[in-house]
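Please read it alongside the sequence and the structure shown here.

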Amino acid sequence: MTGRRLGSLVADILVWQVLLSALWLVLISEVEPLEVFAGLGCALLAAVAAVAARRAVSGW
């Protein structure tokens, strides 16, 4: 994997992570440290899945 493709992959995952984490923080009523870490972990897994699915469909 070239540096440019790796950078693109990391940027895509980071954008998804930020968007999903922000959405999750807006939707919960009470923010506690443990819930923040759990939400960030779940958002990371969902971000990786979203990027993988998009790249699988596009053939990249």
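A residue is called buried when its relative accessible area is under 20%, exposed when that area is over 50%, and partly exposed in between, with a 1.4 Å probe and protein chains only. This is a predicted model, in which local features need pLDDT of at least 70 and side-chain atom pairs count only at pLDDT 80 or more, while totals for chains, interfaces and linings use all residues. Residues are numbered from 1 along each chain as its sequence is written, and side-chain values use heavy atoms, with hydrogens and water left out.

**Helix H1**

Helices are DSSP runs of H or I with at least four residues, and strands are runs of E with at least two, both numbered from the N terminus. The expected span of a helix is 1.5 Å times one less than its number of residues; for the 25 residues of helix H1 (residues 3-27) this gives 36 Å, which agrees with the 36 Å between its end C-alpha atoms. The buried residues of H1 are Asp12, Ile13, Gln17 and Ser21, and these pack against helix H2 (33-58), where contact means heavy atoms within 4.5 Å.

**Salt bridges between the helices**

A salt bridge is counted when a side-chain nitrogen of Lys or Arg lies within 4 Å of a carboxyl oxygen of Asp or Glu, and a search of the whole structure finds two of them. In one, the side chains of arginine 54 and aspartate 12 meet with an N to O distance of 3.4 Å. Arginine 54 belongs to helix H2 and aspartate 12 to helix H1, so this pair ties together parts that are 42 residues apart in sequence. Aspartate 12 also forms a salt bridge with arginine 55, whose closest N and O atoms are 2.5 Å apart; arginine 55 lies in helix H2 and aspartate 12 in helix H1, so the parts tied together here are 43 residues apart in sequence.

| Residue | Relative accessible area | Class |
|---|---|---|
| Aspartate 12 | 17% | buried |
| Arginine 54 | 46% | partly exposed |
| Arginine 55 | 9% | buried |

Valine 26 is found in helix H1 and counts as exposed, at 67% relative accessibility. The C-alpha atoms of valine 26 and valine 10, which are 16 residues apart along the chain, are separated by 24 Å.
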